[in-house]
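Welcome, and thank you for taking a look at this fold with me. Please open the sequence and the model side by side, and we will walk through them together.

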Amino acid sequence: MKCVPATNDRVRGLDSIRFFCALWVFFGHGAAPKLLNPFAGGSSANHALRGLYGNIWSGPAAVIVFFVISGFCIHFPFAGSCERPRLKEFYTRRFLRLLLPLVFAIPLSGLVGVRLALFHETILWSLLAELIYYVCYPVLRTTQLRLGSWRGIMIASFIAALAVAGTDYTAGNYPSYGPCLNWILGLPCWILGCILAESARTVSIRHVSAISIWIWRAAVLTMAWICSALRFHTPIGYPWTLNLFAFLVAGWLYHEIQFRQRVAPSRFFEWAGQWSYSLYLLHPAAGNLFAMLFPSQPSDTIRWVSMILFVFASSYLFYLCVERPGHLIARKAALRFRPIHYAAPTMDAVQ
């Protein structure tokens with residue numbers, strides 16, 4: 001591998017995608033807008049429309065997008081170079097950034113009746129997987145440098161994921177294998193993000209048209225719908241489909257990154273993406289709190305709009321009070337382990 005200095009170029013558009021993924025998880029947990037079904041109840045058309053609409057909000061598919069983006073963000077500062085993370089700085093930064101908001105979110109959720117079992121059978125399972133990926137990354141990075149590519153690591157991780165899925169081939173949900181194995185199932189998705197980071201660093205910029213990017217987006221949404229439909233209407237569960245879905249996600253994100261080299265993303269959605277982690281953590285608790293404070297509304301539409309705005313406002317307030325200060329604490333704590341005059345790559349540009 002040719003060793004070149006790592007850089008900290010900002011990747012535009014990822015924050016917007018994070019926001020939409022957090023929103024998809026939120027909607028997938030029962031907050032989706034109500035379906036206006038014009039067909040008679042019990043009719044075939046009614047069932048078909050409900051099935052079509054109900055499988056749109058696939059939260060597990062959105063989590064897979066999160067995994068790919070996470071792998072991308074962690075590896076991007078080092079991609080295309082021979083740099084390796086400085087362990088104390090890297091672990092301090094990553095762990096504090098992830099865990100400080102969690103320390104506040106768990107008790108706050110408990111106060112309003114939302115039980116967030118620590119890293120198991122709740123939205124927190126994916127955060128445990130993230131923590132394990134952070135622990136593993138320096139070893140994966142060293143192995144990748146020795147092998148010269150991610151190919152062997154990717155193949156091994158995919159085989160391991162299939163082995164995990166095979167321990168309970170009837171499982172429908174993605175995190176069905178407990179805290180000790182769920183992260184192995186998702187590892188190929190995370191490593192795909194690392195491979196994507198290499199491509200983003202080393203492949204020349206190509207023109208991606210608006211039509212092309214919308215085709216990619218439509219393909220990802222369609223495949224997410226198919227994965228959901230298979231999960232709930234066939235014996236084929238998420239453990240067998242979402243890792244394959246991740247390959248499509250990686251291709252889509254590659255084209256999104258190329259597209260955003262030429263077309264700037266929406267400032268609003270980029271801003272919203274900055275507090276998407278708070279939305280992901282807090283939406284169950286904020287939704288419960290809204291139901292407690294406002295048990296009735298003049299209409300379903302007003303209630304839904306009010307609930308959405310309340311959850312957004314609560315999540316943003318959590319971001320201002322907890323997550324953003326946590327970022328500053330993590331950054332300052334990590335800098336204490338950086339040698340003077342050492343220009344280490346950082347994750348500020350992408351995450």
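Gly54 counts as partly exposed, at 46% relative accessibility; on this scale, buried means under 20% relative accessible area, exposed means over 50%, and partly exposed lies in between, using a 1.4 Å probe and protein chains only. You will find Gly54 in helix α2, residues 44-54. Helices here are DSSP runs of H or I with at least four residues, numbered from the N terminus. From the C-alpha atom of Gly54 to that of Ala330 is 39 Å, and the two are 276 residues apart along the chain.

Before going on, note that this is a predicted model, in which local features need pLDDT of at least 70 and side-chain atom pairs count only at pLDDT 80 or more, while totals for chains, interfaces and linings use all residues. Residues are numbered from 1 along each chain as its sequence is written, and side-chain values use heavy atoms, with hydrogens and water left out.

Now look for Thr170, in the loop between α6 (151-166) and α7 (182-202). Thr170 is exposed, with a relative accessible area of 54%. Its C-alpha atom is separated by 39 Å from that of Phe78, 92 residues away along the chain.

Arg267 lies in helix α10, residues 267-274, and is exposed at 79% relative accessible area. Ser16, by contrast, is buried at 9% and belongs to helix α1, residues 14-31. Leaving out residues up to four places away in sequence, Ser16 touches Pro265, Ser266, Phe269 and Glu270, where contact means heavy atoms within 4.5 Å.

Another serine to find is Ser278, in helix α11, residues 276-293. Ser278 is buried, with a relative accessible area of 0%. With residues up to four places away again set aside, its contacts are His283, Ser315, Phe318, Tyr319 and Glu323.

Let us turn to the interior. In soluble globular proteins, nonpolar side chains tend to be buried together. A nonpolar core is a set of buried Ala, Val, Leu, Ile, Met, Phe, Trp, Tyr and Cys residues joined through side-chain atoms within 4.5 Å. The largest such core here has 98 residues, and Phe26, Phe72 and Phe245 touch the most other members. Helix α3 gives the most to this core, with 12 residues. Beyond its neighbours within four places in sequence, Phe245 is in contact with Ala61, Ile64, Val65, Val220, Met223, Ala224 and Cys227.

Aromatic rings come next: the structure holds 34 aromatic pairs. Rings of Phe, Tyr and Trp (its six-membered ring) pair if their centres lie within 6.5 Å, and planes under 30 degrees apart count as stacked, over 60 as edge-to-face and the rest as tilted. Phe67 and Trp125 make an edge-to-face pair, 5.7 Å centre to centre with 85° between the planes. Phe67 sits in helix α3 (residues 59-75) and Trp125 in helix α5 (residues 125-147), so their pair ties together parts 58 residues apart in sequence. Phe67 and Trp125 are both buried. Ring pairs also link Phe67 and Trp125 into a cluster whose members include Phe78, Phe90, Tyr91 and Trp190.

Rings meet charges too. The charged end of Arg201 sits over the ring of Phe76, 3.8 Å from its centre; this requires NZ of Lys or CZ of Arg within 6 Å of the ring centre and within 35 degrees of the ring normal. Arg231 lies over the face of Phe232, at 4.6 Å from the ring centre.

How many disulfides does the structure hold? It holds zero, taking a disulfide as a pair of cysteine sulfur atoms within 2.5 Å. Cys73, for example, has its closest cysteine sulfur in Cys194, 10 Å away and too far for a bond. Cys73 is buried at 0% relative accessibility, whereas Cys321 is exposed at 53%.

Note on methods
Helix = DSSP H or I, 4+ residues; strand = E, 2+ residues; numbered from the N terminus.
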